[in-house]
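Please keep the structure open while reading.

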There are 2 protein chains.
Amino acid sequence: MRSEHAARSAIQHELGELFGARTNVAQTYGENFVRLWALASERILGGKLVRPLLLVATYEALRQAQSIALRPFEGASNPREDGCDQATVIRIASAIEVLHYSFLLHDDVIDGDLTRRGRLNLIGALLDEAGSTRNTAYRGPFGDDDSTRANLHWARTGGILMGDLLLSSAHQTFARVCLPTATRIQLLDVLDHTVTESVAGEQLDVGLSGGMIAPDLETVLTMSTYKTATYTFELPLRAAAILAGADALLESALAAAGRHLGLAFQLQDDLLSTFGDPRQHGKDSFSDLREGKQTALIAYARKTDHWIDIEPIFGRRNLSLADGARLRELLVACGAEQFVRLLIDEQLSSFFQILDADPTQIPNHVRCVLVDLASQLEGRAS
Amino acid sequence: MRSEHAARSAIQHELGELFGARTNVAQTYGENFVRLWALASERILGGKLVRPLLLVATYEALRQAQSIALRPFEGASNPREDGCDQATVIRIASAIEVLHYSFLLHDDVIDGDLTRRGRLNLIGALLDEAGSTRNTAYRGPFGDDDSTRANLHWARTGGILMGDLLLSSAHQTFARVCLPTATRIQLLDVLDHTVTESVAGEQLDVGLSGGMIAPDLETVLTMSTYKTATYTFELPLRAAAILAGADALLESALAAAGRHLGLAFQLQDDLLSTFGDPRQHGKDSFSDLREGKQTALIAYARKTDHWIDIEPIFGRRNLSLADGARLRELLVACGAEQFVRLLIDEQLSSFFQILDADPTQIPNHVRCVLVDLASQLEGRAS
């Protein structure tokens, strides 16, 4: 797809410009602040850009459906001719990637994670560097143990602060968008809804894992929708609809379709984390099981006779490979794996129902983008 | 001051409306999310409103100086007559209070603090409630020790997440401001500058305390300016200038004056924390000394012969009252206390120089607001 390639380049260019400008400003504030931006840049610029690409593809499809000829994204060779639109779409798409990375950072701080997809995350990288570059001219009021503690504190603080900077940056982009006031307010509304819902989802997740909130299936599914589906699928689809000037009915149909698809992806993530090949999905083997993560698998298993065997192993911090393998077997035997596969099918079925419903009139071009996305669920390994 | 009273009411009303609306939306997301908003509301609505009141007073003074008759803030009995201006000023002023609270929250998470000004902060309140309301129907995979750990994790997560929500909310208010595009962009620029600088200041603070950054006097003073003076004084003054349509020269004179005054206040805070009466300033006695906080006092003391006696006690986590009293004596004896008093005088002198410089033409009405503010430094105990 020539167009996807061009969109990817344009988004990467936009993110490069943004981080370049931010890193320049950071010079004023000293080497540690510059380093924080540099480490964050490296990570965000290597992302898969799932969300911004979905926005651009959906926007293009909507515009094609509106029979408005749009030149493909080939870098703004003549920005005046392309007008505000193309640059704005890329800018909002990139801001959604920035928002995504901000959420990931605070999620990593909250979960205490130092890696993501098999490499050091920002916090891990800051920790790594703090160990070797600690100021040696000044011996602080800390012994060796305290140094380790101080380094971890420094690294986590970096994660919180960069999350704040990127959350602010995403809002700044939406706030400055070069569009009529009503459209800008619509975009800001969707951003606001997304932040609220994602934060509510994160709170539910931590409450479920910590035992503050009863982990029934409905709550677990709600948490997954709020925490992941909203900002990964609903936000890009709605933003595309707003940017393309689609009507409210179409926007809300896309939002609903996105939520179902997003939940399907999250449920498949849960399956992959437990049953998939860690070399492919990049997480530690059994990390969900070791951390006692409340997934749909576990919510189902809890209601079965097998729970008596699962409970004593689930959430063990020193979970062995053998324990993990045993849990896998039990989660298959009790029917949880099969149940979650059925849940995925259910979500996909609701998704297709929305796509095919007449009153929403999702144009065929857009339908193709979404069906293409849904087809990635098949045979997905990471 | 009748006008300050009216401004305070208007700001409190605006904050009440904002938190009311947010709490209503939170209903959709369950009781824990509502509770998070309720606990945050209680705390922010009890604030002293220093920053928003400074904005409103400066704005009014600028408008008076411009000889534009402005009705005092008496609540919008007839909002149409008052136009967009008055409501907008109150809205931006309130957003600055929201930003302030967002910074405090992440600061408390980073410092591990559970109290502020002698009462439980949001994190402390969440921890307190988690202990008593933990879901008892479901016994999670946690023993008693793990429960305490999980409760603290829950509480700190709440602090991070509410900080994110309020940081977003402050941006949303700026982004939606009902003003010409150029003015909105100016306000967004100041907000962006403020967030960047405050975050850089927080990173410096943690790096200084943790021994990653050498604690020389210049760095400590820079940190205090970035972390506190920028958002407490520069931001409200510049926002007032922009809202009143003041020119760039006046805006930057106010910004510079605000930075000097802000640093003077922060230096006095450092003195109060070490030498003041904890019943009045609301902090733990000697908490700065116990935490090894790198203040100007300590940066000065480090260069004196008394450091050999100070160093072994400074930063002791189990600092006794006698240790604290001894440190106080040493910080006086080595000249650090006197030195910081001189630094405050220096900052005030720079502040007055800006106020009196001809080319900036700070109007007399505005000068009165600032001199009044500076006079609060005298005899300040909290």
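In this predicted model, 100% of the interface residues of chain B are also interface residues in chain A, so the two copies meet through the same surface. A rotation of 180°, with 0.0 Å of shift along its axis, places chain B on chain A with an RMSD of 0.0 Å, and that is the relation of a two-fold axis.

**The contact between the chains**

- Chain B contributes 52 residues to the contact, and chain A contributes 52 residues.
- On the side of chain B that touches chain A, the elements giving two or more residues are α2 (31-45), α4 (79-111), α6 (144-175) and α7 (181-210) of chain B, and it is α6(B) that gives the most, with 15 residues.
- Sorted by class, this side of chain B holds 30 nonpolar, 17 polar and 5 charged residues.
- Among the residues of chain B, B:Ala175 comes closest to the rotation axis, with its C-alpha at 2.3 Å.

**Packing of α8 against α9 in chain A**

- Helix α8 (residues 217-243) of chain A packs on helix α9 (residues 248-275) of chain A at an angle of about 140°, their axes being 7 Å apart.
- The two helices, α8(A) and α9(A), are therefore oblique to each other, since an angle counts as roughly antiparallel when it is over 145 degrees, and their crossing is right-handed.
- From α8(A) the contact draws on residues including A:Leu221, A:Thr225, A:Thr228, A:Phe233 and A:Leu237, and these face a set in α9(A) that includes A:Leu250, A:Leu254, A:Gly258, A:Leu261 and A:Gln266.
- The residues in this contact of α8(A) with α9(A) divide into 11 nonpolar, 7 polar and 4 charged.

**Packing of α9 against α15 in chain A**

- The axes of α9(A) and helix α15 (residues 336-356) of chain A come within 9 Å and cross at roughly 160°, which makes α9(A) roughly antiparallel to α15(A).
- The crossing of α9(A) and α15(A) is left-handed, whereas that of α8(A) and α9(A) is right-handed.
- Residues of α9(A) in this contact include A:Ala253, A:His260, A:Leu261, A:Leu267 and A:Phe275, while α15(A) supplies, among others, A:Val340, A:Ile344, A:Leu348, A:Phe351 and A:Leu355.
- By class, the contact of α9(A) with α15(A) has 16 nonpolar, 4 polar and 2 charged residues.
- A:Leu261 of α9(A) takes part in the contact with α8(A) and also in the contact with α15(A).

Note on methods. Residues numbered from 1 in each chain as written. Chains lettered and ligands numbered in written order. Predicted model: local features only at pLDDT ≥ 70, side-chain atom pairs only at ≥ 80, totals over all residues. Contact = placed C-beta atoms within 7 Å. Helix = DSSP H or I, 4+ residues; strand = E, 2+ residues; numbered from the N terminus. Nonpolar A, V, L, I, M, F, W, Y, C, P; charged D, E, K, R; others polar. Axes fitted to C-alpha atoms, helices over the stretch in contact; angles between N-to-C directions. Parallel < 35°, antiparallel > 145°, perpendicular 65-115°, else oblique. Left-handed = near helix turned anticlockwise from the far one by under 90°. Least-squares fit on C-alpha atoms with pLDDT ≥ 70 in both.
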